[in-house]
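Please open the model in a viewer and keep the sequence panel at hand.

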Amino acid sequence: MSDMNTAMVEKYRSNFLKEVEANVEEGQWVKMCMQCGVCSGSCPLGPYWAHPPQEIFMMIRAGKREEVLSSDSMWMCTSCYNCIVRCPRELPITHIMHGLATYAKKLGLVPKNQPTAQFSQIFWDNMMKKGRVNELKLGLSLYFKDGFGQGIKNALANQKLGMNMMKAKRMSAAEFFGGHGVKDVAGLQKMIKKAEEIEAAKLEANK
Amino acid sequence: MAKYEYSYYPGCSSQDGASSSNLKRSIDTMCEELDVKLNEIPDWNCCSASIGYGGGSVLPRMTLSARNIALSEQHNPGQDIVATCAACWLATKEASERFREDENFFQEANTALAEANLKMTNQTPIRHMAEVLIEDIGYEALSEGVKKPLEGIKIAGYVGCQTNRPFGIDGESFENPMYLDKMVDALGGDSIPTYEKKVQCCGGALAFSEPEKSQEMIKGIIEAAYDNGADMIATPCPLCQANVEIYQDQINERFGTKFEMPVVYYSQLISVAYGRSATDAALDGQIIKAKKLEDLAK
C-alpha cells in the first residue's frame, strides 16, 4: 500500500465521501446522486461493470473505500457521455469515473493487468515523448505489453489489419523511426511537469 | 480572401500516414470547394483524447488543450478554432469550459503554460467542422454546390458519441440527432433517419484494450446498417470510422457474419457530390471500398 494511500486512510478514516469530494475530479457532485440508475442502464459496457456508476455513488456514501478504489469498474468507461446527458441531476458522471480511476492510480490501488488502465498509460507515455501520438508505436506497445511471445502472437493475429492499413496509407513504417511530433518538445514536457507538480502539491496538502 | 477562415486543429490521427489521413485529405478537398480556409495551429499538440485520463490526470490533460488554445490565440488571432476529430473537439472545448468556470484552474493552467512561454486568455470559441457546415454555410448553400447528387445511394448516418455528447451539434437531440441525415439529403443521397444505431458507442479506445466487448457493439452498428438496406455508413468521427471499418474481418471471424460495409466520412460524400475525383475524396484510403461513391466520382 502506498504512503499516500495510508495517509488518506488516516485522514478521512470514516468519511470516504469527504475524501472523494476533496480529491477526485468533480467529486463534489457525488452526493447529488439520487440513485435512479439511468447511468447504469445507459452505459454501453454496463453489463461488464462489477459496480455500475449508480452503485459506485452509493458505495462512496457507504464508505466502501477499498471496494470502490480497487474496483476495475471505472476502467470500463468508454467516454461515450451517455450517462452525462441522461442524468436527471446533470452529474458529470464520465468525469467522476475518470477522476476515481485516476485517484485510485495515484494511490496505487488499480487492479493488476487491467487492460484499459495499461493502455491509457501507454497512450499517455507515447504522446508525451513527442507531443503527438505515434500510432504505429502505440499499436506495437499494446501488442507487446504482456511480453515478447504474446506480442508476436498479437502482431500475427493483427497482421492482415496492419497490411490493410499500410496499403491505404493509414499506417506508416516511417513512424517507427521518429515520426510526427511538435517542435517545442522540451517546452511541452516542462509545461506538463509543472502541471503535475501543481496537482501533486494539492494532493499533498489534502493529506 | 476566402469566404470563411478558421484556426484549424487537425489532430494526431489526421497526419500523413496516420489512421485518418483520409479524413484530412477529404476535408482539404471539401474546404477548397466550399471556399473555407483552414490555418493550421502552428506546432499544435495531442489533446490526450479521452483515454489519456489514466496517464495524465485533469490539470496535465487540460493543459495540453490550453497550449493549443494559446498557440491559436497567438498565431491565428480572432479565428474560431475548428477541429475535425471528435476527441480533439471534445477535449479542447471541455478544457476551455472548465477554465471559464474555475478561475483557479485557469490560473494553474496558465502557470504551467508559462513554462513553455505561452499564455492563454481563453476567449476563442471551440467548434467542430460539422458546426461550420451547418451554422456558417448551411444545408441550403451546401446543396446548391452539388454537381453530382448522391442519387440512389443509401447512407446510414452514424454520428457516434463524442460528436454528439455532451455538447451536441446545432442544438439537436442527443438520442436522435438528424444533422448527418440532413447533410446526406442536401447532397441528394438517401438518408436513413431511423437508423437505430446512429448514436451507439463503438467502444472508442476500448476497441484496443477490450476488443471482444467493443467488437460486439461494432457488430450491432454494422448489422443495423444492413437491416436498413444501407450501401454505406457515413460518420464525422475518425475513431468511429476506424473502429467500424477495420475490424470487420475480425468480427466476421468472431461472429460468423459476412460484413463488407464501407464506412466513409461526410467530407468524402461532399467531395464526391461536388464533382471531385475519388483520389481527391481520399476514397483510396478506404479498406472496404465505397464502390458506389467511386463509380460516381469517375
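How many helices and how many strands does the secondary structure of chain A contain? Select chain A in this predicted model: its secondary structure comprises 12 helices and 0 strands. Display the C-alpha trace of chain A, which spans about 55 × 40 × 35 Å along its principal axes. Chain A has 207 residues, of which 45% count as buried. Among the contacts in chain A with a separation of 6 or more, 62% are between residues 24 or more positions apart.

Next, show chain A and chain B together. Their contact takes 55 residues from chain A and 52 residues from chain B. On the chain B side, the elements that give two or more residues are α1, α2 (58-75), α4 (103-114), α8 (206-209) and α9 (211-227). Of these, α2(B) gives the most, with 5 residues. Coloured by class, the side of chain B that touches chain A shows 21 nonpolar, 23 polar and 8 charged residues.

Now hide chain A and colour chain B by domain. Residues 4-129 of chain B form domain 1, and residues 147-297 form domain 2. The C-alpha centres of these two domains of chain B are 25 Å apart. Their contact takes 21 residues from domain 1 of chain B and 24 residues from domain 2 of chain B. On the domain 1 side, α1 (21-34) and α3 (86-101) of chain B each supply at least two residues. The largest share of that side, 9 residues, comes from α1(B). By class, the side of domain 1 of chain B that touches domain 2 of chain B has 9 nonpolar, 9 polar and 3 charged residues.

Finally, select α9 of chain B. Show the side chains of B:S214, B:Q215, B:M217, B:I218, B:I221, B:I222, B:A224 and B:A225, which are buried. The buried residues of α9(B) pack against β5 (154-157), α8, β7 (232-235), α10 (238-246) and α11 (248-255) of chain B.

Conventions
Residues are numbered from 1 along each chain as its sequence is written. Chains are lettered from A and ligands numbered from 1 in the order in which they are written. This is a predicted model: local features need pLDDT of at least 70, side-chain atom pairs count only at pLDDT 80 or more; totals for chains, interfaces and linings use all residues. Domain bounds come from an automatic or database domain assignment. Two residues are in contact if their C-beta atoms, placed from the backbone, lie within 7 Å. Helices (H or I, at least four residues) and strands (E, at least two) are DSSP runs, numbered from the N terminus. Ala, Val, Leu, Ile, Met, Phe, Trp, Tyr, Cys and Pro count as nonpolar, Asp, Glu, Lys and Arg as charged, and the others, Gly among them, as polar. A residue is buried if 20 or more other C-beta atoms lie within 10 Å of its own, exposed if 12 or fewer, and partly exposed in between; C-beta atoms are placed from the backbone.
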